[in-house]
Amino acid sequence: MFSPLPTPSEMSNWDKITINEVGIKGEILMENAGREAVFALLKGYGDVSGKKILIIAGSGNNGGDGFVMGRILADLGAEVLILHTIPKGKYKGDAAYMLKIAARLGVNIKFFRATDKVRLPEADIIIDALLGTGFSGELRPFAHAIVEAINSAKNSFIFAVDIPSGLNGLTGKPGPVAVQAHMTVTFEEAKIGLALPQSEAYTGTLVVAHIGIPGAVKYKHPATHQLIRSNVLEFIPSPSPAMHKGNSGHVLLVGASKGLTGALHLAGISALRAGGGLVTMACPDALASEVKGGKPELMTKGLGCGDQWNDQMIAELLPELEKYDALVIGPGLGRDKGALDLVEAVVRHGHPSAVYDADALYAFAERPELLKLVAENSILTPHPGEMARMIESTIPEVEADRIGTARKFAELSKTMLVLKGAGTVIGCPDGQIIISPLSAPNLAAAGSGDILAGMCGALLARAIPPMQSACIGVYWHGLAGQYLAENFPYRGNIATEIADALPQVLKEELC
């Protein structure tokens, strides 16, 4: 369901434990890394016989990987030149060992002296082994010049070792520039920065190559971040011959206000498309027909009199909550006092597993004391603006630290948090962070968030725990956006088409 996303320091710790406690020598790990990198290059580029290959080797283990690659590529008939950025005598440990072997075997190795203006020799392939995942901050002038020279080599295939030099392995951001690779091979597991959407412009095709870190090491020292894998969809229960609408989950959706009836309708449609057996939409009675929107499959529960939420409607709703398998509250709810009172009443009353979305999140911002009372079986689904409002911050501040924001909020609120956006971040109450590998511009459409809320509600109604429901919903939603891109390459799809794509996505992925 998940793949580890170690931070650079966690990856370094795995290396140290493997070498110092397990006893697998560093030279073995480096040899494995170099060989796996060559295999990835051959798969991505093709035959290298007779090709000019330039390898830029930095001062650390990343440079050592480059020395291994140079030796192997020379054996494969390539014309290899390795430029090392510090004098040979200053290399240490495993990198020094691999440099000596390459030199003994006659690989062409030259010292790359620091200079303000860097000119690289022409090459069919440039291998960036300059800086590893430990880089942070800003590039030094010589490294900066090398990175810019690599990026200027328009006729070369750029291949990055472990991470494109200049890219921060924790944040996925350049410092201030980074190598723009056609392909990146990273070792053992993708570092978290490589999984974030902003890194894609630098990594090109990303390949994860295992180099021999024992599974026991990763199990005993787990990464604090995880990546959703495609097999997450396999956790959706398969249809059974005995299935009927009564045992497929009954979802109650609560929301709608004057002028905002479409949001609840969309959430209802998506709950059905995501496999909910029964869907009921509770709203002010005067809006029930509009919320239903002519869809006979959607049931409505008109409450009270009028089109604004009031105490009578709340009193009618609360005793009904226990009859449902899951609750979605917030789509189109409105922001007047009646709507805020409704959210507070539901929170204090208790409810089945729930999704709080849209205007329900506005209520939390207006009445922050409610967050301490939200049941642990809940999922909150804010976009960056809603997140900023709840924590009294700004959208730029939230976007600058999406992971930190999600982790802190989920830990404090003891709920599942889905911070929407490209590379959606899911925060867990125990501090774990789960990241979606998908970004889909076709999801940037009005009502897309309502679709996700309805999906998560349907999954909860089928007794899937909140963490798994959030992850399945986010990934499935993202795939639907990518699926729509085939027919709407320049967007233009509408939210109902996202919902309608959901069953087709499962057909393509699971059948």
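**Close-up views of a predicted model**

Cysteine 471 is buried, its relative accessible area being 0%. The legends below describe this residue and other sites in a predicted model.

**View 1. Cysteine 471 and cysteine 428 are not joined by a disulfide.** The cysteine sulfur nearest to that of cysteine 471 belongs to cysteine 428 and is 6.4 Å away. Seen from the other residue, the sulfur of cysteine 428 has its closest cysteine sulfur in cysteine 471, and at 6.4 Å the pair is too far apart for a bond. A disulfide would require the two sulfur atoms to be within 2.5 Å. Cysteine 428 has a relative accessibility of 6% and therefore counts as buried. The disulfide count comes to zero.

**View 2. Helix 18 and helix 19 cross at roughly 95°.** Helix 18 spans residues 466-485 and helix 19 spans residues 495-510; their axes come within 8 Å. The two helices are therefore roughly perpendicular to each other. On the side of helix 18, the contact is made by Trp476, His477, Leu479, Ala480, Tyr483 and Leu484. Helix 19 contributes Glu497, Ile498, Ala501, Leu502, Gln504, Val505, Leu506, Glu508 and Glu509. Sorted by class, this contact of helix 18 with helix 19 has 10 nonpolar, two polar and three charged residues.

**View 3. Strand 7 pairs with strand 8 in the parallel sense.** Strand 7 covers residues 183-187, and its pairing with strand 8 runs over five bridges. Within this pair, threonine 186 stands opposite valine 208 of strand 8. Strands of a sheet pair through backbone hydrogen bonds, in either a parallel or an antiparallel sense.

**View 4. Valine 346 lies in helix 12.** Helix 12 comprises residues 337-349. With 1% relative accessibility, valine 346 counts as buried. Leaving aside residues up to four places away in sequence, valine 346 touches Leu317, Leu318, Leu321, Leu327, Ile329, His351 and Tyr356. Tyrosine 362 is 16 residues from valine 346 along the chain, and the C-alpha atoms of these two residues are separated by 15 Å.

How values were computed. Residues are numbered from 1 along each chain as its sequence is written. This is a predicted model: local features need pLDDT of at least 70, side-chain atom pairs count only at pLDDT 80 or more; totals for chains, interfaces and linings use all residues. Side-chain values use heavy atoms; hydrogens and water are left out. Two strands pair if DSSP finds at least two bridges between them. Helices (H or I, at least four residues) and strands (E, at least two) are DSSP runs, numbered from the N terminus. Axes are lines fitted to C-alpha atoms, for helices over the stretch in contact, and angles run from 0 to 180 degrees between N-to-C directions. Angles under 35 degrees count as roughly parallel, over 145 as roughly antiparallel, 65 to 115 as roughly perpendicular and the rest as oblique. Contact means heavy atoms within 4.5 Å. Ala, Val, Leu, Ile, Met, Phe, Trp, Tyr, Cys and Pro count as nonpolar, Asp, Glu, Lys and Arg as charged, and the others, Gly among them, as polar. Buried means under 20% relative accessible area, exposed over 50%, partly exposed in between (1.4 Å probe, protein chains only).
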